[in-house]
Amino acid sequence: MSSRRDHRMMSLLGANLNNKTTKGLENIFKRVLKEGMHGIGFSPYEEGQEPGDQISEAQIHRRMKIIKPYTKWIRSFSCTDGNEAIPRIAKEYGIKTLVGAWLGDDPDINKKEVAGLIQLANDGYVDIAAVGNEVMYRGDLTEEELLGFMYQVKEALPKDIPVGYVDAYYEFVQRPKITEACDVILANCYPYWEGCSLEYSLLYMKDMFNQASRVANGKKIIISETGWPSEGEGLQGAIPSYENAIKYFINTQLWSKEDDIDIFYFSSFDESWKVGAEGDVGAFWGLWDKNEKLKFSSNTNPLLKRGKSVFV
């Protein structure tokens, strides 16, 4: 009886990785990555760039080539300033697309974003449309304003393209009108940002998912973002580290496959501009670093380069 209970608990908490050396974790990471992800957030911004800067098709192509062997889907976050090329280029590489219109407190930008999303969808470059990202969390729009944009997009898109909205899982619990307007629930689930320790993070994420499931009325739920930073200051029990980021990625991907959960991992590349919004951890969410090198290998391990111990 106890062995079955122990096995059940291990399944809930994830793989037993505590006795692995850093090299062992790196080997498991490479194997899991090679088996492929459902999806990943596409990070287009090079060092020195930030949202609002024009991004080139050349940099999109370069980064798309890097991630193509490892993912079936990409998620983009904007339909302006060059981001509108991301879905088209993804299709050239045979990658499916979750395409987002970035909504904020600027009415002119919002109109351009929504028009861009509608155009991309009608041109055949959108598999799932996301109208806004964490707009309710930030308080940039009222609920009615957001719903207006969502219904505008639904009206303009082919009926076979699901339309949703991206926000923290609990927003769908608290805002039934938005949940009702969604064809698909796009829930961000970050145990890290709620101060959960790595040890219990998978169990915590499953609970986040289940909370959204209980209000979804049978609609498909996709985890539109989740991840763990590899460096930076911690948040309560949540500690960023090279090893913790590897463990979280492994557990997330194993759960995704075991329970057939569609997850977009966050993120593909480190982006330094995010420090302004999130503190020092903001720059370290990628599987690849800002120089487009795969982070979790002995060749790029920052701790080895600094001569520090890398054992858990």
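Biologist: Where is A238 found?

Modeller: A238 is in the loop between β7 (221-226) and α11, with helices (H or I, at least four residues) and strands (E, at least two) taken as DSSP runs and numbered from the N terminus. The model is predicted, so local features need pLDDT of at least 70 and side-chain atom pairs pLDDT 80 or more, while totals for chains, interfaces and linings use all residues. Residues are numbered from 1 along each chain as its sequence is written, and side-chain values use heavy atoms, leaving out hydrogens and water.

Biologist: Why is A238 counted as buried?

Modeller: Its relative accessibility is 0%. Buried means under 20% (exposed is over 50%, partly exposed in between; 1.4 Å probe, protein chains only), so A238 qualifies.

Biologist: What does A238 touch?

Modeller: Leaving aside residues up to four places away in sequence, A238 touches Y192, G195, C196, S197 and W228, where contact means heavy atoms within 4.5 Å. The C-alpha atoms of A238 and E194 are 8.0 Å apart, although 44 residues separate them along the chain.

Biologist: How do the axes of α2 and α11 cross?

Modeller: The axes of α2 (residues 22-35) and α11 (residues 242-258) come within 10 Å and cross at roughly 35 degrees. The crossing is left-handed, which means that the near helix is turned anticlockwise from the far one by less than a right angle.

Biologist: Which residues make the contact between α2 and α11?

Modeller: On α2 they include L25, F29 and V32; on α11, I246, F249 and I250 are among them.

How values were computed:
Axes are lines fitted to C-alpha atoms, for helices over the stretch in contact, and angles run from 0 to 180 degrees between N-to-C directions.
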